[in-house]
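Here is a brief report on a two-chain model. Please keep the sequence and the structure side by side while reading.

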Amino acid sequence: MKMNLFKALLISNIREKEVLFWIFAFPIILLTIMVMIFGSMDGQDINFKVALIDKGGEGMGTTIIRDVLKDVSTSSEGRKALFDIIVLDDTEEARQMLMDQKVSIIIEIPEDFNVKFNQVVFFSRITAISAQSPTVTVERVALRNASTLASDIFKQIMSSVNLEAAKRMNVKISGYEYSEETVGQSENFSYADFFLAGVLVMSFFSTGFFALGNDIAHNKHIGIMKRLSATPLSIRKFMYSNILSKMLIMVMSAVMLVIFGHFVFGSSFSILNPETFPFILLGILDALAFGLFIGSISKNANAASAIGNVLFFPMQFLGGLYFEVWDISPAVRWFVYINPMTYIAAGMRQGMGIVDAPVPAYSLYLVPLAWAAVMLVISIFTFDWRGDAS
Amino acid sequence: MKSFLHMFVALFHNRTRDKMAVFFTLFFPLLFLIVFGLAFGGGSMDGSSSSGPTRFGVYFDENSDKDLHDILLSISEEYGLDPREATSTAALAEGVEKGYSGIKFGITLKQEGDTLKIRAYYDAGDKNQQSLYKSNIDTLAMGIVKKAAGFEDILKVDVKDIEFTPKKVTTIGYMVAGVLAISITFSGLMALIINFGYFRKEKILKRFLATPFKGSTFLYASVLNSLLISSASIVIILIVAKFAFGVDFSILWPEMIVNYLTSMILMMSVGGLFLMIFKEPNATMNVANVFSTLMMFVSGVYFPLQLMPDWLQTVAKFFPMTYIANNMRYVLGQDTMAVSEFWTTNIVFLAIGLIVIPLLGATIFKQEQD
């Protein structure tokens, strides 16, 4: 009897186009969007439009700067030119272009550049008389990320030019050796794996919040449970079957997502690691507990949907599903730390060997478990199958 | 005119009595503003900018002399960095991983003969920022070795921050413009799908056509309704941004109104086009949702377009939200743009809307009559 009901509910859910879209198709679409955007933001294609006002005339100093600018505005094999330089005579015109967002920064080589360069390089070093350094002016708009980045990059380029100049002037400069280490991960970080975990958690919770929560509220509102109570079928069995069908839908959606991620984006099967498994279970448990809670406290599907959205939106964005949130602004950090999604996603990624969670291991289990317990207790006390009639 | 007013009032009541529609139109964008505003807008409620020096951890090898320590401290500020000293390599690695004291990356410095050995520590979770941090470390390393040799840079760079806006722009103010663009995009896209798609599905349009009312009355009353209701959402967001986050806007009101109207009309026509293609309102709504989600990430609202690969930058040029967000920053006084570009985009938006919306109305009513 219970199995028949479970099968009927499962089939009825799967036949709903909305369920098919939001629970099966949307996670796949979201994973595709995320991996395509973030996976390709490696800085290789980075390019800025730069206005150059060159009043420097001919001389050694300006030749060095022009060579540098020529170098960074020429594309090399497999790499786009860093700067597209637009040479202008008029400062006002350049400012207008910066104002109109036609360029990211303005680089200006002043008239006295060569004079100062010669004073610094030749005379002051010989005569020990201090001279003013030749200065290139960069104008930027600080709140435009592209403008700040372009000016930082130019500063870095000039720093390396200075280093090279020092070496050529036989200044005894030590070299430096650079090495790096990434902490808190396996050797092979992959955006596909990183987002797979996040989208999986999103998929679990959207099933719990919207499919289960709305379902329960809707069934109460239109009196399905009341009608069921007049049949030999118990409401408890109906609820169990409903919950079980949603669980199976979550598992089916997860399987589809993992297979899609693997074959399309080359994500690993590390989501199936034994260390990840407890967090998959916790994700399902919490999603169902929240779904029961929403369904219990809502009078109808619309109310459930509104409550679900109010909770789901901040929980998913401040739960580290798509980007790291541990050191986010203190004003909302408390929310990150009480949010069960944060711990489930972090635990999953730790289990997959992608990123270690920066919190004690026990909290990864304890916080989601505590939420599940609280939500279940509230649901038990607030759930009334008679709906409005009560 | 009277029939238009009656239709407008009826549709207005229909929409405002729908609690879900009110929630999604008025309060959802507000939720968006609060979550993203608090999370990324500096975290303060005073609207101050979040841009400060980047904190990093540093561990000096025990054999390092004090000079290295002093040099690092003295040049860090110059490069917009703020060092925090760690007691050991292990503490540094742990600090980077757990983000202690807000550090974004870590370095260990060790002088071995003539060579300065720098080992960088990055957090795996911050993968997409790694190239930026590496460039910070490179600059720092070059600065250290030059300073240690007593070499003063020959060629200097003087960075000047230019402000074109009448009032000081803050991170949160900049973000509000993006939130408004998202709000307009969402409500514009959904407007005709709700009014036409669901009314058609529920056979309301068919019944309506059996009355003396003209189809155009319904169409333009629907459009005006959506424009009015969504404008309430814009006003709420602006009020919250001003009083809760302290954003000081310098709004160009005539441009703001034009931009709002044309952007909404454009997005309504895009929603209408989706409805013509997909017919079924739920399916159309889903497509519109996916389209909005995609636009949200690829329109320069959250990430600068210049950081995206070429193909995505090309895609962004076809997304209306890219232009709506840009225009919105301009009309709120949060950024500048070419005035000609502002008006051109608005004229194009309006032209598309004026062609597509009547066409959509005519097509749907004709289908219903047939």
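## Overall form of chain A

The radius of gyration is taken over C-alpha atoms, and the globule rule is 2.2 Å times the number of residues to the power 0.38. For 390 residues, a compact globule would come near 21 Å; chain A has 30 Å. Along the principal axes, its C-alpha atoms fill a box of roughly 105 × 45 × 40 Å.

Chain A holds 14 helices and 5 strands. These are DSSP runs numbered from the N terminus: helices are H or I with at least four residues, strands E with at least two.

## Model and confidence

This is a predicted model: local features need pLDDT of at least 70, side-chain atom pairs count only at pLDDT 80 or more, and totals for chains, interfaces and linings use all residues. Residues are numbered from 1 along each chain as its sequence is written, while chains are lettered from A and ligands numbered from 1 in the order in which they are written.

The model scores ipTM 0.79 and pTM 0.83. Chain B averages a pLDDT (the predictor's confidence in each residue, from 0 to 100) of 86, and 96% of the residues score at least 70.

## The interface

Contact means C-beta atoms, placed from the backbone, within 7 Å. By that rule, 78 residues of chain B touch 82 residues of chain A. Helix 5 of chain B gives the most to its side, with 10 residues.

Strand 5 (residues 176–183) of chain A pairs with strand 4 of chain B in the parallel sense, over 8 bridges. Pairing requires at least two DSSP bridges between the strands. Glu177(A) stands opposite Lys117(B) in strand 4 of chain B.

Terms used:
Contact = placed C-beta atoms within 7 Å.
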